[in-house]
Amino acid sequence: MKTKIMDNLQKFSRAMFIPVLILPIAGLLIAIGNIFTNERLINAVPLLNNPFTMGFGSVLSSSLLPVLTNLGLIFCVGIALGLANRKKAEAAFTAVLSYLVFVFAMNKILELMGVLVDPEALRGSGQSIVLGVQILDMGVFLGIILGIVVAWIHNKYIDTEFNNAFQIYGGARFVFIVLIPILIGLAGLFSLLWPIIQNGINALGIFIQHSGNFGLFIYGMLERLLIPTGLHHLVYTPFLYSSLGGTQEIAGVVYEGARNIYFAEITDPTIKVLSESVKWDARGISKMFGLIGACLAMYHTAKPENKVKAKAILIPAAFTSFIAGVTEPIEFSFMFVSPILYLIHSVLSGLSMVILNIFGSRAIGPNGFIDFLLYNLPLGIEKTNWPIYILVGMIFFGLYYVIFRILIIKMDLKTIGRSEEVKLYSKKEYQEAKSSMNEGQDSGVNMHNLVEGLGGIKNIRDVDNCYTRLRITVDNPEKVSKDVLQNNVNAKGVIINDQSVHVVYGLEVNRVRRDLDRYIEHNSGKEIDK
């Protein structure tokens, strides 16, 4: 049971990396676009004030921002694709259809229930616009749930076929038919259950407000911890824009909410020091400093042969977080692979806000370094005490680095660069392998011997592969012949752990996997078991 659970968790973590590794690319380019369109930066650097750079930045940000604002759909497709045992393209297509069905079903159910809020009053309501449709704000959590459901139904029914006139409804079409009532049922279920969770978060906000630094710690921790569910908006939005974040009279006008008070105070020259309410918006330490330390720890703990690959992923992710405060590329790289690290990250984020408040910092940096510079430096040290923010940030950079590094090593956590064995090949080896794959050449492996070594087709439950090895799950490990696998199938190594069998091939593993899939498909009706 333990082996089965671990194998499933490994498979899920590999599926998660399909959407996760796209995020650093999008985040980096969005950050660059924001530099060219930031109004305060343009005023400070007149050279940027021209139609070409502003237009380029605007197009770059606008075209890629939907990648980060539609994470539910992206994760739904990516997870379904990664968890599908075969016919992955059909699984991905079904995931898109399923996401659309769920979204429109929930919208209609909420409409029939009479609970849709005014579209002009979405902020803080627990509802949001997804693909142009108003539904409950479930964030990336929705995509993860639907991706798993789609993959499970796909693997169960993808081989279902019918005879005669009904044959058109077999395969992927039947999978979608089965999913429709399940998706509508889930939409109804979450329409009833999710508001209960949201109301619990709102009630927690009132408790946080009256709990001093302990409440501030809970606030900062939940603001990170709830990101996968999309409920983090319900934590900070009331504090930024309602009386939960404070009430202040400025120049004869009463303002409610930390963000509204802050914007009013920075324009009033009579105010020497910003009010304490700004503490609810001091959320940038983990983005500008902490996660950079986490990235450095993940790089230093990556396997030596994987460091180049890890660097290519971590540098743009760290840059995106530091410059623009876009943390998803980093957070989703370890959130589900090593949940303990994400819990530590959330705790440290909450602790950083408490430390800033204790030392009297009134600086903010919720959207990265550019915001930090443009919001705080023009106001001066007296009004914001921004050097404290930098000092605390450097301390938390060190804390993140040390804690992450120790936990990754001691617990052997599978962060970037540690989850797979990746051999670095020469350019010549890579081009030869790529050429042979493109030309459709056979892998050169005797598939009959490989299947025989695995105990026969009927003993093979699941076939998968990583960068270098076949990962096969078998029903009966006693039927597996390690001698056959080591000596008759050109393998570089064989690892057998109960029902999990790994056969190492190196860079050509994709060709071996392709040939094995074909062999099983063509011979599944023949009696070739041992």
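Modeller: Start with F404. Leaving out residues up to four places away in sequence, F404 touches A294, A297, F334, L341, I344 and H345. Contact means heavy atoms within 4.5 Å.
Colleague: How should I read this model?
Modeller: It is a predicted model: local features need pLDDT of at least 70, side-chain atom pairs count only at pLDDT 80 or more, and totals for chains, interfaces and linings use all residues. Residues are numbered from 1 along each chain as its sequence is written, and side-chain values use heavy atoms, leaving out hydrogens and water.
Colleague: Which residues touch the most other members of the largest nonpolar core?
Modeller: F75, F334, Y389 and F404, in a core of 47 residues. A nonpolar core is a set of buried Ala, Val, Leu, Ile, Met, Phe, Trp, Tyr and Cys residues joined through side-chain atoms within 4.5 Å. Buried means under 20% relative accessible area, exposed over 50%, partly exposed in between (1.4 Å probe, protein chains only).
Colleague: Why does this core lie between domain 1 and domain 2?
Modeller: Because domain 1 (1–202) and domain 2 (282–423) both give residues to it. Domain bounds come from an automatic or database domain assignment.
Colleague: New topic. Is N357 buried or exposed?
Modeller: N357 is buried, because its relative accessible area is 13%. Leaving aside neighbours within four places in sequence, N357 contacts N213, L216, E276, K279 and R362.
Colleague: And L189?
Modeller: L189 counts as partly exposed, at 42% relative accessibility.
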